[in-house]
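Colleague: Could you walk me through how to read helix packing in a model like this one?
Modeller: Gladly, let's bring it up.

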Amino acid sequence: MDFKCLGCMVLFPIHILYYILKASVCLLQPSKRRTLTKEVVLITGGGRGIGRHLAQEFAKQGAKKVILWGRTEKCLKETCEEISRSGTECHYFLCDVANREEVYKQAKVVREKVGDVTILVNNAAVVHGKSLMDCDDDALLKSQHINTMGQFWTTKAFLPRMLELQHGHVVCINSILSQSPIPGAIDYCTSKASSLAFMESLTLGLLDCPGVGCTTVLPFHTNTEMFQGMRVRFPALFPPLKPETVAERTVDAVRTNTAYLYMPWTMHALVVLKSFMPQAALEEIHKFSGTYTCMNTFKGRT
C-alpha cells in the first residue's frame with residue numbers, strides 16, 4: 001500500500017466528521033428562503049388531496065403561475081378557479097402521467113401556452129390497498145406506471161429546460177412507506193420505494209448542475225381520501241398528518257432547498273432503528289403498533 005492510499009484512508013473519516021459537523025451547524029442556523037415570485041409551478045395530481053393544498057400554498061407564497069395536471073377535469077377546474085380567485089394565474093390540463101406520449105405532448109402545450117416550468121411537483125399517485133394475491137395484474141401495473149414511471153416522463157419532459165436555464169427544482173411527494181412498508185399496500189410501497197431510489201439518484205446527479213435542485217418529501221399517513229379507512233392502533237400517539245401541513249412544509253422545503261423532508265421528524269428515528277434492529281424485533285414493533293392490520297379497514301378514494 002503506497003503513502004497516497006494510506007493518507008486517503010486516514011483522511012476519509014476526518015472528512016466525514018467534518019461534513020457531519022458542518023451540516024449540524026447549518027441546521028442550527030436560520031435558513032434563507034428564496035422568493036417564488038418568478039416561479040412557474042406544475043403539480044401533477046393537482047386537483048385534489050395534497051396536490052390541491054400544494055397549489056394553494058404555492059399561490060399563497062407568491063408563485064407567478066400555477067399549472068395543474070390530472071385526470072379528473074371537475075377537480076382540476078374547481079381548484080384552478082379557486083387559485084385564480086386568489087389572484088394567482090392558474091391553468092389546468094388533462095394529463096395521465098402514466099401515458100408517456102401524453103406527458104410529452106402536454107408538456108409541449110404547457111411551454112407554448114404558459115411558459116417554462118421552473119418547479120415540477122410529482123405528486124400524482126394511486127393506491128389499491130390489497131395484498132399481492134388479491135390485487136389484479138392491471139391494478140399492479142397502474143400503480144407502477146403512475147407512481148414511478150410517471151416521474152420519469154415528467155422529469156424528462158421538463159428537466160432539460162431547467163438545466164438550460166440553470167434554474168429549476170424537482171419535487172417528489174413520496175411516503176415513509178417507501179422505507180417502512182406495510183402489508184396490504186404492496187403496490188403502493190413498492191412503487192414509492194422505486195420512486196425514492198429515482199429521486200436519490202437524480203439528487204446526486206444534479207449536484208454539479210448549478211441552480212437546479214431536488215426535494216423529496218416522505219410524510220407519515222396523511223388524512224386524505226386516497227387513504228380513507230386506514231387505521232393506526234394509537235392515533236393519539238401517531239395522528240395522521242393534515243394535507244395542508246404537508247403542503248406548507250413542502251413549499252418551505254423548496255424555498256430552503258432542502259433535499260429530504262421527513263414528516264413528522266420522528267420518522268427519522270424509524271429509519272435509523274430499522275437500519276440496525278433485528279428482524280424479529282421489527283416484526284414485534286409492527287404487531288404492537290398495529291401496522292399489520294391497519295389496511296384491513298381501507299376503503300380508498302370513492
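Predicted model: local features only at pLDDT ≥ 70, side-chain atom pairs only at ≥ 80, totals over all residues.

Modeller: Residues are numbered from 1 along each chain as its sequence is written, and side-chain values use heavy atoms, with hydrogens and water left out.

Colleague: How many helices and strands does the protein have?
Modeller: The protein has nine helices and seven strands. Both are DSSP runs numbered from the N terminus: helices are H or I with at least four residues, strands are E with at least two. Of its 302 residues, 44% count as buried, meaning under 20% relative accessible area with a 1.4 Å probe and protein chains only, while exposed is over 50% and partly exposed lies in between.

Colleague: What describes two packed helices?
Modeller: The angle between their axes and the distance between the axes. Axes are lines fitted to C-alpha atoms, for helices over the stretch in contact, and angles run from 0 to 180 degrees between N-to-C directions. Here, helix 5 (residues 137-165) and helix 6 (residues 186-205) have axes 7 Å apart at an angle of about 20°.

Colleague: What do we call that arrangement of helix 5 and helix 6?
Modeller: They are therefore roughly parallel to each other; that label covers angles under 35 degrees, with over 145 roughly antiparallel, 65 to 115 roughly perpendicular and the rest oblique. Residues in contact (heavy atoms within 4.5 Å) include Phe152 of helix 5 and Phe198 of helix 6. The residues of this contact divide into seven nonpolar, 10 polar and one charged. Ala, Val, Leu, Ile, Met, Phe, Trp, Tyr, Cys and Pro count as nonpolar, Asp, Glu, Lys and Arg as charged, and the others, Gly among them, as polar.

Colleague: At what angle do helix 2 and helix 7 cross?
Modeller: Helix 2 (residues 49-60) and helix 7 (residues 243-255) cross at roughly 50°, their axes coming within 8 Å. That makes helix 2 oblique to helix 7. Among the contact residues are Ile50 and Leu54 of helix 2 and Val251 of helix 7. By class, this contact has eight nonpolar, two polar and three charged residues.
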